[in-house]
Amino acid sequence: MPELSVNVHKLLLKNPVMSASGTFGYGPEFDDFIDVNRLGGILTKACTSKNRDGNRYPRMAETPSGMLNSVGLQNKGVDYFINTIYPKIEHYNTHIIVNVSDSTVEGYMEVAEKLNSLEKVTGIELNISCPNVKEGGMAFGTSCPMAASVTKSVRSVYDKTMIVKLSPNVTNIAEIAKAVEDEGADSVSVINTLLGMAIDAEKRKPVLSTITGGLSGPAIKPIALRMVWQVSKAVNIPVIGLGGISNATDAIEFLLAGATAIQVGTANFVDPQVCIKIIDGIEAYCTRHGIKDVKELIGALEC
Amino acid sequence: MKKFIHDFVVTRNHHITDDYFAIYLKCPVSLPGILPGQFAEVLVSNSTTTYLRRPFSIYDADYEKNELSLLIKKVGDGTAALSKLIEGDVLNLVYPLGNSFSMPSGKKALLVGGGVGIAPMLMLAKLLHSKGYKPDVLIGGRTADDIIEPEKYEPYGKVFITTDDGSAGEKGMVTQHSLFAEDIKTYSAIYACGPDPMMKAVGRIAATHDIPCEISLENTMACGIGACLCCVVETIEGNKTTCMEGPVFDTRMLK
């Protein structure tokens, strides 16, 4: 049996496979289909300081090998998460990492501070890369000073593992990664969705109510892979790779490019059992190649 | 209700007209209970341009044959690919998803289906009939070709038809049918599924007469299990997911 565990900062993951924020609910949504405890971790739906209704319908457009979404961080706020959702998920025997977003630095800090005391929330993922909100979100993640500022502020109130989720909608993602590393990020998730657009030619109208939205799915995998490779060479903290991962081979490619762990996103919509298939597939790959420890694959790309 | 993911085997792909077909699918295990209005998310693996699953109302469930069926209209690449499935092909379903209709307070109920929107009304008509209610089924379409298998409803209630061009039944839209004149007050519930403007029109008339009205929405969705929040509908209680809190909604709840 190959060793599948990996370390993301202080978090010992039983395997490198986690669910991506916004594609897995909070976990219970998938209980009928898989044993959620088998995952390396769950990244929850984004959590903000106050209730957010999100954007108007339509919020989704299917595109070649992927989809656009403009959900807009719909959630009931951090207090609802703590009082109502957390009690339903704290039994999971896996890392619960809450995706944190807001429209102000103070909002990010409020959410992070409140989550700090939850025993089973072992880390947060700062979402400075959501392309679907007017204020905050991606605005924080597309400039080095802004990304550094929000990272520094949240670091000052949060003790546990803090991952920063980066936006691909930038000229040089490695610079942003270095900026958040310098301000205390323990890890970076690479990448969030790419800003895109879909048009209904018959109606001459945009498909999404917000006109633009975030592109995800296999269509973005080559871009994500390239960015993981660039970022992992630029920083010393662990990189979590995501973007279009749909099977174990995709996951292995991200590890080879330099990711310590990976997240599975849009593929959960197509196959609610895909995370388990990826875990089993990584193990089979290791066995087939005589790899005793999956960590041997991290950054093992031979150029 | 517990949800499942299963590989079904196609036992028959019945091409009803050029545009409509019904796929009959055998369940690999004992078919779980399915309520009227519930739907399945179907993996369309034989279309390279169809990435996400497609949601379809469950048309019928046959527990003796261990089969369920889906009534589908050819619209795009995904439905065209599904129309090509033949006996023995495998189709992966995530099901049964969503809620169901509530029972009427009195005996008489009116079921309204527009085009392929008639799909959830068959199981509803059966259930109402089995519980001693008297369902009337009103089927509307653009032309006679859009009136799909009206004979299926006859064992469970009276069937009425409208077409926009008058090629079958009364001419006009469903809401112009004579049932919506004087008789409408005799119904204690109205159920509708079809194009949005049709459902809105039915809902308005129901509201005028203070008759409870439930409609089944067809919002586009990705996951079908409440994870992505793409399929939301605005209600007086805030956004609700069509896939989990719907697809059936009381029209008085909708904005």
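This is a predicted model: local features need pLDDT of at least 70, side-chain atom pairs count only at pLDDT 80 or more; totals for chains, interfaces and linings use all residues.
1. If you want to find them on screen, the buried residues are Asp250(A), Ala251(A), Ile252(A), Glu253(A), Phe254(A), Leu255(A) and Ala257(A). Gly258(A) follows helix 7 of chain A, and its phi is positive, near 125 degrees.

2. **Helix 7 against helix 9.** The axes of helix 7 (residues 248–257) and helix 9 of chain A come within 8 Å of each other and cross at roughly 65 degrees. These two helices of chain A are therefore roughly perpendicular, since angles of 65 to 115 degrees count as such. Their crossing is right-handed. Helix 7 of chain A brings Ala248(A), Ala251(A) and Ile252(A) to the contact, while helix 9 of chain A brings Ile278(A), Gly281(A), Ile282(A) and Tyr285(A). By class, the residues of this contact are 6 nonpolar, 1 polar and no charged.

3. **Helix 7 against helix 6.** Helix 6 (residues 221–234) of chain A packs on helix 7 of chain A at an angle of about 25 degrees, with the axes 8 Å apart. Because angles under 35 degrees count as roughly parallel, that is the label for helix 6 and helix 7 of chain A. Helix 6 of chain A also passes helix 7 of chain A in a right-handed crossing. On the helix 6 side of chain A you will find Lys221(A), Leu225(A), Val228(A), Trp229(A) and Ser232(A), and on the helix 7 side Asp250(A), Glu253(A), Phe254(A) and Ala257(A). This contact of helix 6 with helix 7 of chain A divides into 5 nonpolar, 1 polar and 3 charged residues.

4. **The four-stranded sheet.** Chain A has an open sheet of 4 strands in the order 5-6-14-11, with antiparallel pairing. At its edges are strand 5 and strand 11 (194–197) of chain A, each of which pairs on one side only. From one strand to the next, the twist averages 40 degrees. Strand 5 and strand 6 of chain A pair in the antiparallel sense over 4 bridges. Within strand 6 of chain A, Leu68(A) is the residue that stands opposite Ala61(A).

5. **Where chain A meets chain B.** The contact draws 26 residues from chain A and 23 residues from chain B. On the chain A side, strand 5 (60–63), strand 6 (66–69) and helix 8 (267–270) are the elements that give two or more residues. That side of chain A consists of 11 nonpolar, 10 polar and 5 charged residues.

6. **Is Pro272(A) buried or exposed?** Pro272(A) is buried, because 24 other C-beta atoms lie within 10 Å and the cut-off is 20 or more. Its place is in the loop between helix 8 and helix 9 (274–288) of chain A. Leaving out residues up to four places away in sequence, Pro272(A) touches Phe30(A), Phe33(A) and Ile34(A), along with Ile5(B), Val94(B) and Ile225(B). As for Ile223(A), Pro272(A) is 49 residues from it in sequence and 24 Å from it in space, C-alpha to C-alpha.

Note on methods. Residues are numbered from 1 along each chain as its sequence is written. Chains are lettered from A and ligands numbered from 1 in the order in which they are written. Two residues are in contact if their C-beta atoms, placed from the backbone, lie within 7 Å. Ala, Val, Leu, Ile, Met, Phe, Trp, Tyr, Cys and Pro count as nonpolar, Asp, Glu, Lys and Arg as charged, and the others, Gly among them, as polar. Two strands pair if DSSP finds at least two bridges between them. Axes are lines fitted to C-alpha atoms, for helices over the stretch in contact, and angles run from 0 to 180 degrees between N-to-C directions. A residue is buried if 20 or more other C-beta atoms lie within 10 Å of its own, exposed if 12 or fewer, and partly exposed in between; C-beta atoms are placed from the backbone. Angles under 35 degrees count as roughly parallel, over 145 as roughly antiparallel, 65 to 115 as roughly perpendicular and the rest as oblique. A crossing is left-handed if the near helix is turned anticlockwise from the far one by less than a right angle, and right-handed if clockwise.
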